[in-house]
Amino acid sequence: MATSTSHPAASSWLPSFLRREATVAPPGFNRWLIPPAALAVHLCIGQVYATSVYKNALVAHFDTSLTAIGVIFSIAIVMLGLSAAVLGTWVDHNGPRAAMVAAALFWSTGFMVAALGISSEQLWLVYLGYGVIGGIGLGIGYISPVSTLIKWFPDRPGLATGLAIMGFGGGALIAGPLSARLLALYDSGYDASDPASIASGAAVASLFVTLGIVYLAYMLFGAFTVRVPADDWQPDGWDPSQVKQKKMVTTASVSASNAIKTPQFWLLWVVLFCNVTAGIGILEQAAPMSQDFFRVGDTSTVSAAAAAGFVGLLSLANMGGRFIWSSTSDVIGRKPIYMLYLGGGMVLYVLLALVGHTSTALFVLLAAVILSFYGGGFATVPAYLRDLFGTFEVGAIHGRLLTAWSAAGVAGPLIVNKFLDAEGEPGKLTAADYRLALLTMVVLLAIGFVSNLLIKPVAERFHEPDDASLPKEGVSA
Amino acid sequence: MTARLVVAWVLVLVPLLYGLVETVRKAATLFTG
């Protein structure tokens, strides 16, 4: 009989159908239903990386600057990191269904409030709606399926979390073209294929309402599909004793509050920060960079359309890397795969800086592999945390680690833009002007590489007592 | 359970496939100009 995994610190005010004990899977439940449930959430919240579609429309509608509109995205990403860090423990204690419903409500409400702000021409309402409320939904949604996936796939945690976090990258691929089509539907004067065409504010407001409704439905589908495994469940044919034989994989439990006291957590924070900073540096600058690297005089051999294609290719590499590299880490181990991301990344960045301008194909190949490592770094980190701290509060620990992402989101563009500003004006830069910025990324990756090498198993004094991670009460499912 | 599994995967894979096709089409301009 399946027993609950009710946590002693779970919220008592939650409706019973949202509580963890209501989501315990019955015998015979197929664990392959969990990845689509997780994907349903991540595909929706991945929209946050598709804001460029309506950015110019909002600039024109509010008669303001690109920076003022860019703040909406920045607030959302900062709120993602903060809410994941602060609410991670709540997510772990109350289970994935409550977390996914909360994420759906926040994310959807964020769109609705932002739509109201656009309609009433109140930019602060867009900041509050999409940025603050939606950002909280992003943070809760991002971590909501992680610990559940790890518990369902103890034999392949990298593959499972890679699938879900790949969805975050995939969400932008869907939302970009879908938003362009919807804007054209709501504003007959808007032509998505013409970069100079700008949609009306009313069309963007209608788009936000549509996305809010669609995302609510999709995320609720994920919430009511997800299940947690019974305490005594394990995959058929899986031998837990194999896990114990790996030096870097613990069978102990470390709480989130203890995890942040360990050097391993902060070393991994530095690893993630360095890997993300280096990747964001390229992502942020991708389109102009591809043109600048092949500039002859005032013109570039890479057209604006081809530069947009380059950005699309990087999105694919980013998404593919999340699944491929994270799955590979199940075979070769987490520490070696980060040695590849960081060490291999250093070599690729040096090649990009020194010989990237000699051939378009080489440039594209180097950047694509770098971005696949960037995506891989995101997707592999939950499994690395599982290896080091156990499954007890891995979602909460992951939430706290995501503050590295927020910090990198600020540092990456800042580093690249500072160097490029010192070299010259946009539109006149060449490959040589990027050299210092790219070599700085090599130094960052080297710091990350050394940090990864220093990661050792967590000391026993941080482990929970043997019975602490077990539920205090059992309820029949 | 099998039907539920198929429906769940179709619900997430169809939009993902749409996004992939659109992105590949966009990326193709890199090589076709």
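This is a predicted model: local features need pLDDT of at least 70, side-chain atom pairs count only at pLDDT 80 or more; totals for chains, interfaces and linings use all residues.
Q: Which element gives the most residues to the side of domain 1 of chain A that touches domain 2 of chain A?
A: Let's start with the bounds: domain 1 of chain A is 30–230 and domain 2 is 243–462. Where they meet, 29 residues of domain 1 are in contact with 30 residues of domain 2. On the domain 1 side, the elements giving two or more residues are α3, α5 (146–152) and α6 of chain A. The top contributor, with 12 residues, is α6(A).

Q: How many charged residues are on that side of domain 1 of chain A?
A: Sorting the side that touches domain 2 of chain A by class, you get 17 nonpolar and nine polar residues. The charged count is three.

Q: Are α3(A) and α7(A) roughly parallel or roughly antiparallel?
A: The axes of α3(A) and α7(A), the latter being residues 201–225, come within 8 Å and cross at roughly 170°. Angles over 145 degrees count as roughly antiparallel. Therefore α3(A) and α7(A) are roughly antiparallel.

Q: How many nonpolar residues does the contact of α3(A) with α7(A) have?
A: Take the other classes out of the way: this contact has five polar residues and one charged residue. The nonpolar count is 20.

Q: What arc do the buried residues of α2(A) cover around the axis?
A: The buried residues here are V53(A), Y54(A), A57(A), L58(A) and H61(A). What covers them includes α3, α6 (157–186) and α7 of chain A. They sit on the same side of α2(A), because the arc they cover is only 105°.

Q: Is D63(A) buried or exposed?
A: D63(A) follows α2(A) and has a positive phi, near 50°. Its place is in the loop between α2 (52–62) and α3 (66–119) of chain A. D63(A) has 9 C-beta neighbours inside 10 Å, so this residue counts as exposed.

Q: What is the phi of E121(A) near?
A: Look in the loop between α3 and α4 (123–143) of chain A for E121(A). With 12 C-beta neighbours inside 10 Å, E121(A) counts as exposed. Most residues other than glycine have a negative phi. E121(A) has a positive one, near 55°.

Q: How many nonpolar residues are on the side of chain B that touches chain A?
A: The contact takes 24 residues from chain A and 20 residues from chain B. On the chain B side, four are polar and three are charged. The nonpolar ones number 13.

Technical notes: Residues are numbered from 1 along each chain as its sequence is written. Chains are lettered from A and ligands numbered from 1 in the order in which they are written. Helices (H or I, at least four residues) and strands (E, at least two) are DSSP runs, numbered from the N terminus. A residue is buried if 20 or more other C-beta atoms lie within 10 Å of its own, exposed if 12 or fewer, and partly exposed in between; C-beta atoms are placed from the backbone. Axes are lines fitted to C-alpha atoms, for helices over the stretch in contact, and angles run from 0 to 180 degrees between N-to-C directions. Angles under 35 degrees count as roughly parallel, over 145 as roughly antiparallel, 65 to 115 as roughly perpendicular and the rest as oblique. Ala, Val, Leu, Ile, Met, Phe, Trp, Tyr, Cys and Pro count as nonpolar, Asp, Glu, Lys and Arg as charged, and the others, Gly among them, as polar. The arc is that of the directions from the helix axis to the C-beta atoms. Two residues are in contact if their C-beta atoms, placed from the backbone, lie within 7 Å. Domain bounds come from an automatic or database domain assignment.
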